[in-house]
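Here is a short report on one strand and its surroundings. Have the sequence and the model open as you read.

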Amino acid sequence: LEMGLKRCAQRQQQRAAKGDLPLLSLQEVPTLQMLEKSMRNAKRNRGTGIDAIPDELYAALPSEIAKYTYPLLLKMHTTCSEPYSFKGGWQAAIWKGKGLINSKLSFRQILIEDCLAKKFRRAHRELLMHAAKDYFMPLQCGGRKGLGTDIASHAAMLFSKVAKHVGVSSGKLYIDIVAAYYTTLRELVVQKASGPSNWTKMAKSFKIEDAAVEKLAQILEMATAMQDMGASDHLQSFTAEILSDTWCVMPGCHQVSHTRRGTRPGDPIADLLFCIVLVPIVKRLRACLDVVEDFVHLSWDGKKTAELSGDQHKEEAFLDISLADDLVLMVTTQHPEQLESKLQKVSAIAIDTFIEHGLDINLSEHKTELVLAFRGRGAMPCRRKVHIDQGGKVTIESKYKGSCLINVALEYKHLGTWTNEQCTMRQNISEGLAKANAAFRPLQQKVLA
């Protein structure tokens, strides 16, 4: 702790001597009410950080603690620096709720920070959310008020329902990114986010081709996501400070690990930073596709009301629905024999685009899969070809992965909801009844005895 305090003071003095602090306006500083709100909303019975101070203390005395800690928050924002104790914490392995208990694939690593650091981050999250509210894509859900899991799930189901009603063939590509929050390059979010080291040193750990690394270098020369978002210099500088010099400690281990990648799952702004990074990735993905005529086109009057007016002069083209790192791409076509080839092209471009940004796609079963709905004349031969002749597989020619196979599923569980080519809710109803019976059966004898 003494070395940490000396390092913090030394770094603040060096930065103040350089005079490179960005201009700061009052709108870019979290207010006392924001800090107190984050303390009032503290969740009970959660793990504590290294300081071992629980959330219950902040929830019991929110106004008193906020009043005494707010000067520290002001100092952090005026100097664009954080205490080193706020930059790390315990790295805990949490079981996903499925899979073998002795397999590392059944666990996810979560950063457990000090509770006070979380309260400060939640106040900073409000500033980030306000700056990014007009930057997100229309159907980019998760972390945004009024756009939760149900909106993303129902939008994907509504796409299939509309395609069935119109009578056109439709296909959806469900994308699963390998360790999305853990492998995201921080330089895609904001410049100078990984400290003094060069990102090319980390490229050695990338399991991608050299051509993809060269493309990634070109992308890093472009504007970052926060620059593209139009964020202020202070907001960018403070976010870069949050993502620099980060560390973690494994329980039972005294060695401190320095981390340079990822948005740090467990941090209050981890999901928001990934959502900001996802916007330019999807924009480049859309730019690479020349099947714009097969996007989902919706005409409306441009007014967000429940009533539909006759003046529908505005048209929106939708290709994707996302909830944090869960992404689905949607394509329609009039001719069923063209659906497979179009989704092959969309899948290959999507895989290559994510690889060029340092992210890999999990092509295993139940992860990244296709759901195809053939309709119209010639639908039956196309369905037989994919599901019987090809064994439910579609070959994708990726520029970096080469020839690879993607599974074609009859039904896919997306965001907790089953979706299929017939657009029925039978599977969801059956699963819900089964879970209700399983929960009621152990209590049945006690209650009805």
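Predicted model: local features only at pLDDT ≥ 70, side-chain atom pairs only at ≥ 80, totals over all residues.

## Strand β11 and its parallel neighbour

β13 covers residues 402-408, and its pairing with β11 is parallel, over two bridges.

## The antiparallel side

β4 spans residues 169-176. It pairs with β11 in the antiparallel sense, and five bridges link the two strands. Leu 173 has Leu 370 of β11 as its bridge partner. Lys 172 stands opposite Val 371, also a β11 residue.

## The whole sheet

How many strands form the open sheet, and in what order? There are seven, running β3-β9-β10-β4-β11-β13-β12. The pairing is mixed. β4 and β11 supply an antiparallel pair, while β11 and β13 supply a parallel one.

The sheet has β3 (140-141) and β12 (393-398) as its edge strands. Each of these pairs on one side only.

## Cover over β11

Are the residues of β11 buried or exposed? Five of its five residues are buried, and the strand is mostly covered.

The residues of β11 point two ways. Glu 369, Val 371 and Ala 373 point one way. Leu 370 and Leu 372 point the other way. All of them are buried, Glu 369 included.

## A contact across the sequence

Helix α9 takes in residues 210-220, and Leu 216 lies in it. Leu 216 is buried because its relative accessibility is 0%, and buried means under 20%.

How far apart are Leu 216 and His 357 in sequence and in space? The two are 141 residues apart in sequence. In space, their C-alpha atoms are 5.7 Å apart.

Note on methods. Residues numbered from 1 in each chain as written. Heavy atoms only, no water. Pairing = 2+ DSSP bridges. Helix = DSSP H or I, 4+ residues; strand = E, 2+ residues; numbered from the N terminus. Buried < 20%, exposed > 50% of the residue type's maximum accessible area, 1.4 Å probe, protein only.
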